[in-house]
Amino acid sequence: MLEKTFNPESVEQKLYEAWESAGLMAAGRKTQAKPYTIMMPPPNITGSLHMGHAFTFTLQDILIRFYRLQGRDVLWQPGTDHAAISTQMVVERQLGEKGITRQDLGREKFLERVWEWKDESEGIIKNQLKRLGASPDWSQERFTLDEGLSAAVRHVFVELYRQGLIYQAKRLINWDPKLQTAISDVEVENLALNGAMYYYSYPIEGSHESITIATSRPETVFGDVAVAVHPDDERYQHLLGKMIRHPLTDRLIPVIADLHADPEKFTGAVKITPAHDFNDFEVGYRHNLEMINILDGNARLNENVPTAYQGLDRFVARKKVNAEMEAKGFFVKEESAVIPTPHGEKSGVVIEPWLMDQWYVDAATLAGPALKAVEEGTTKFVPEYWENTYFEWLRNIQPWCISRQLWWGHRIPVWYGPDKHVFVAINEEEAYKDAALYYKEDVTLTQDEDVLDTWFSSALWPFSTLGWPDQTPEFKRYYPTDVLITGHDIIFFWVARMMMMGIHFTDEVPFKTVYINALVRDEKGQKMSKTKGNVVDPLILLNTYGADALRFTLAALAAPGRDVKFAKTQVEGYRNFTTKLWNATRFADMNGCAFDPQFTIHSLQVPINQWIVDQISTLATDVKEAIETYKFNEAAHLLYHFIWGHFCDWYLEFCKSKFSGEGPEKQETQKTVAYVLDHIVRLLHPFTPYITEVLWEHLHPEAGLLLGGTWPETQKTEYRQASEDMEWLIQVITEIRSVRAEMNVPVAAFLTVSFYDAGPETHRRLKDHEDLLLKLARLKNIKAFAEPLSPQEAVGSAQSVVNEATILIPLEGAIDVKAEKDRLQKELKKAASEISEISKKLSNQEFIARAPQEIVDVQQKRLETATLAVEKLSEALSRLG
C-alpha cells in the first residue's frame with residue numbers, strides 16, 4: 001500500500017542513486033537503436049544554477065527521457081564551461097578579501113587556486129542538476145579545459161591560422177579598464193545614463209568660418225583626425241576638402257564626406273576619432289585616416305596628448321577639456337541628454353573602444369556555409385522566426401576578436417622568437433621545431449600571454465566533447481546531434497559560432513534543430529535581477545515542493561515564443577496535481593485495482609471502460625506528437641486535463657458504482673483502472689520522473705525501473721460510441737451542476753429534469769446511463785420528450801442546451817428570474833463568439849487547404865452545434881419574457 005502522502009524529500013535522492021547504479025542514463029546500451037543526442041549547454045563554473053538553468057535543463061530532460069522510453073540510444077552529454085572572465089573575477093575577488101592580488105601569486109599559483117574553485121563549483125552544479133532530476137550520461141561529463149577539449153581547441157586554432165582564417169591585427173575592441181582585458185559584445189551592457197552633449201566650434205584653416213561638432217566624450221578630442229559631414233548636406237558642401245585647425249592639438253585635420261554623418265542629428269558634423277569609436281573606426285578605414293590612441297589600459301590619457309593631460313583619468317580629463325574649450329572661446333553650448341553608455345557586464349565600469357593588437361577569426365568566410373545551412377533548412381529554428389536574428393548577425397558579421405588579456409582559459413598557441421617572429425603550433429615542442437628550422441640555431445621562444453575567448457572553445461562543444469579531431473566511435477555515432485536548446489541572447493555568440501565551426505571542420509551541421517527557450521521572468525513579466533529583489537531560487541522551490549512540481553510547472557509554461565511569467569503559486573498548484581494522482585492511485589489500491597499483464601482492451605463490455613481506454617490511447621498519440629514538435633506546454637496541458645479531469649474527476653467517480661458490486665463488470669473495471677494508471681505514469685514520466693518512478697514500482701514490483709521502460713504503444717480501439725456517450729454524459733452533468741451552483745440549489749435537494757426536443761440518440765443515452773446521471777447530478781427523476789418545450793412549462797425553471805435537446809430544470813420557486821436571464825445571455829454571448837471564431841477559421845482558404853479533412857469536419861460540427869445552441873438559448877430567453 002502506498003504511503004498516505006507523497007514525500008519528495010524522502011525518495012528523490014534514493015531514486016536518483018538507483019538510476020545511477022543501474023547505469024540506465026548511459027549512452028551505448030542499445031547498440032542497434034537509432035541514436036538521439038543532446039549536448040548540454042555547459043553552465044559556467046561560477047556558482048549555483050538559476051531559474052533559467054532549471055527551465056532549459058527541464059525541457060532537455062523531458063526530451064531525453066521521452067526518447068529513452070521510445071527505445072532510442074540516448075546521449076545527453078553533460079559538462080561545464082570554464083567561463084574565463086567570470087571565473088577569474090570570482091577567484092580574484094576571493095583573494096582580494098585576503099588582501100592578495102593574482103600578481104602577488106603569479107600565473108602558475110593563481111591558476112592552481114582557480115582549479116581548486118572549479119572542482120568545488122562543479123560539484124555544486126552537478127548536485128543541483130541531480131536535484132532537478134536531470135538524467136545525463138555522467139560518465140561522459142566534460143569540461144571546456146579538459147585535455148581532450150584543449151587539444152581540439154589548439155588543433156582548430158592552428159588549422160584556421162594555416163588556412164589564413166586566423167590573423168593578428170590592430171583593430172578596435174571593447175576594453176574593460178577594471179578587468180584589464182578585451183571583452184565580447186555579449187559581455188557589454190548599454191545603459192542609458194543622464195549625461196550631456198558638448199558643442200565645440202572647430203575653426204577652418206585660412207578662413208573666418210568654423211564648423212560646430214557635438215560630442216558626449218570631450219576627452220577623446222585629442223584623437224580627432226577629421227570632421228565628417230554627409231555628402232548631400234548642402235550646409236557644408238563648400239567646406240569639403242578644407243582643413244581644420246584643431247582647437248587643442250593645433251593639428252590640421254580634413255573635412256570629409258561620409259554617409260556616417262547624419263544631417264538630422266545634432267549639427268550634422270561629426271568629429272572622427274577612429275581609435276576610440278567603432279563607427280569612426282570604419283570611417284577612418286574607408287578614408288585611410290591616422291588612428292591615434294589617446295588612452296592607456298587604465299583609461300587614463302597617455303603620451304599622445306598634451307603634457308598637461310597625460311596621466312589624467314578619462315572623466316577628469318573630460319571636465320578639463322570642456323574648461324579649456326570654454327577658456328579658449330571654442331565652447332558653444334552644453335545640452336543635457338540621455339547617453340547610451342557601454343558598461344562591462346561583469347565589472348560594471350564604462351567600457352572603452354580601444355585600438356590594440358589582437359587575434360581575430362575571419363568570421364565572414366566561416367559564416368557563408370552557416371547561413372546556407374539554415375536558409376536551406378538543414379538546421380531549423382523553433383520558433384522559426386528566430387532564424388531572422390541568426391541571419392541578421394551572420395549577414396552583417398565582423399571579424400571576431402578571440403584574444404583575452406586573462407590568465408584563466410586556453411592559452412593562445414602562439415610563440416614569439418627574439419625578433420618577434422610568430423610561430424603557431426599545437427604545443428611548445430612543435431613551436432621549437434619550427435623555430436629551429438627558421439633560425440638555424442637555438443633560440444628562446446616566449447608564448448603569447450593571452451588566452452582565447454571562452455566562446456572559441458564553446459564553439460567546438462558539439463564535437464570536441466566526442467573526442468574530435470580523432471574519429472572516435474562516439475563522434476561517428478552521436479554527431480551531428482539532434483537538437484540544441486538555448487536562449488535567444490546567445491544565438492550569435494554561441495549558436496552561430498557552433499554552426500560555423502561545426503560545418504567548417506566536420507562538413508556537417510552540429511545540430512538539426514535549434515529550440516530557443518523563453519526567458520523566465522517574474523509573475524509581473526519583469527526580468528529577474530538581484531537589484532529588483534525578484535530572483536527566485538530554484539533550490540528553495542525544490543526543497544519546498546519537490547522536483548516534480550517545479551519541472552511540471554516549467555513545462556506547462558513553456559509556450560514557444562512567449563516569455564515565462566513565473567510565480568511560486570503555480571508550483572504549488574502543480575504540486576496539488578501530483579498529489580491528486582497519488583491519491584487516485586491509493587483509491588485504486590483500496591478498490592483492488594491490480595495490473596494484469598494479460599489484460600486486453602479489445603473486448604471491453606463496460607462503456608466507461610471503453611471510453612477511458614479510447615481517451616488514453618488518444619492522449620498517448622497527442623502527447624507524443626506535442627513533445628516531438630517541442631510543444632512542451634501543450635503536452636503538459638494534455639496530461640494535466642486528462643489526469644485531473646477525465647481520469648480523477650470523472651472516470652474514478654463513474655467506477656465507484658462498479659466497485660460496490662461484484663462480478664465481471666467489477667473485475668473489468670479494476671483491471672482497466674490499473675491499465676490506465678500504467679499508461680499515465682509512463683506518459684507523465686518525462687515531466688515528473690520521481691513520483692512516476694514510485695508509482696511504477698508500486699504497479700509493477702518486479703518490472704525494474706521506469707527510467708529503463710518503454711513508451712506505451714498506441715492501440716486502435718473501436719469504442720467511438722462509448723466515447724461520444726460519455727462525453728455527452730459529462731456535459732449534461734456539468735450543465736446541471738452549473739445550474740445548481742449558480743442558482744444556489746441546496747446539495748440535499750434531488751431534482752427532476754426533463755429533456756425536450758430529444759432525438760433518438762438522446763433517448764438511448766438517457767436509458768443507457770440513467771444510473772450515473774441520477775447519482776452524479778443528484779436527480780430523483782429524468783423525463784424525455786421529443787416535443788419542443790412550451791413557454792408555460794418553462795416558467796420557474798432553469799434551462800440549458802446540450803446538442804439538440806433543451807434540458808429543463810424546475811427549481812420550484814428557488815429560481816431568480818433575473819439571474820437566470822443573465823446566465824442565458826452570457827451563454828448566448830459565448831456561443832456567438834464561438835460561431836464567429838469557427839466561421840473565421842472555415843473561411844480561411846489556407847486552413848481549408850492545409851488541415852486534414854477530419855479536422856475540418858470537427859470544426860464544421862462545432863459550428864453546427866454552436867449555431868443550434870444560439871437558437872435554443874434565444875428561445876429560452878424569450879420564454880422567460
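# Close-up views of a predicted model

**Figure 1. The nonpolar cores.** The largest nonpolar core contains 134 residues, and those with the most contacts inside it are F566, F647, F654, F755 and L773. Helix 20 (residues 632-659) supplies the largest share of this core, 14 residues. Another core, of 62 residues, lies apart from it and includes L149, L366, I402 and M501. In soluble globular proteins, nonpolar side chains tend to be buried together. The structure shown in this and the following views is a predicted model.

Figure 2. Helix 3 covers residues 84-96, and its 13 residues should span 18 Å at 1.5 Å a residue. The buried residues of helix 3 are A84, I85, S86, T87, Q88, M89, V90, V91 and L95. Among the elements that cover these buried residues are helix 4 (102-105), helix 5 (107-132), strand 6 (181-183) and helix 12 (454-458).

**Figure 3. The packing of helix 3 against helix 5.** The axes of helix 3 and helix 5 are 10 Å apart, and the two helices pack at an angle of about 105°. Because of this angle, helix 3 is described as roughly perpendicular to helix 5. On the side of helix 3, the residues in contact are T87, Q88, V90, V91, E92, Q94 and L95. They meet F110, R113, V114 and W117 in helix 5. Sorted by class, this contact has six nonpolar, three polar and two charged residues.

**Figure 4. The crossing of helix 17 and helix 22.** Helix 17 (residues 547-556) and helix 22 (residues 689-699) have axes that come within 7 Å and cross at roughly 120°. Helix 17 is therefore oblique to helix 22. Helix 17 contributes A547, D548 and R551 to the contact, while helix 22 contributes P689, Y690 and I691. By class, four nonpolar and two charged residues take part in this contact, with no polar residues.

**Figure 5. The buried residue A363 in helix 9.** A363 belongs to helix 9 (residues 363-375). Its relative accessibility is 2%, so A363 counts as buried, the cut-off being under 20%. Leaving aside residues up to four places away in sequence, A363 touches I397, Q398, W400 and M500. A363 and Y309 are 54 residues apart in sequence, and their C-alpha atoms are 39 Å apart in space.

Figure 6. V382 and P383 are joined by a cis peptide bond with omega of about -5°. P383 is located in the loop between strand 15 (380-382) and helix 10 (386-395). A cis peptide bond also joins W468 and P469, with omega of about 20°. P469 is located in the loop between helix 13 (461-464) and helix 14 (473-478).

Figure 7. A83 has a phi near 45°, a positive value in a residue other than glycine. This residue, A83, is in the loop between strand 3 (79-80) and helix 3. With 5% relative accessibility, A83 counts as buried. A299 likewise is not a glycine, yet A299 has a positive phi of about 65°. A299 is in the loop between helix 7 (278-287) and helix 8 (314-327). With 2% relative accessibility, A299 counts as buried.

Terms used. Residues are numbered from 1 along each chain as its sequence is written. This is a predicted model: local features need pLDDT of at least 70, side-chain atom pairs count only at pLDDT 80 or more; totals for chains, interfaces and linings use all residues. Side-chain values use heavy atoms; hydrogens and water are left out. Axes are lines fitted to C-alpha atoms, for helices over the stretch in contact, and angles run from 0 to 180 degrees between N-to-C directions. Helices (H or I, at least four residues) and strands (E, at least two) are DSSP runs, numbered from the N terminus. Angles under 35 degrees count as roughly parallel, over 145 as roughly antiparallel, 65 to 115 as roughly perpendicular and the rest as oblique. Contact means heavy atoms within 4.5 Å. Ala, Val, Leu, Ile, Met, Phe, Trp, Tyr, Cys and Pro count as nonpolar, Asp, Glu, Lys and Arg as charged, and the others, Gly among them, as polar. The expected span of a helix is 1.5 Å times one less than its number of residues. Buried means under 20% relative accessible area, exposed over 50%, partly exposed in between (1.4 Å probe, protein chains only). A nonpolar core is a set of buried Ala, Val, Leu, Ile, Met, Phe, Trp, Tyr and Cys residues joined through side-chain atoms within 4.5 Å.
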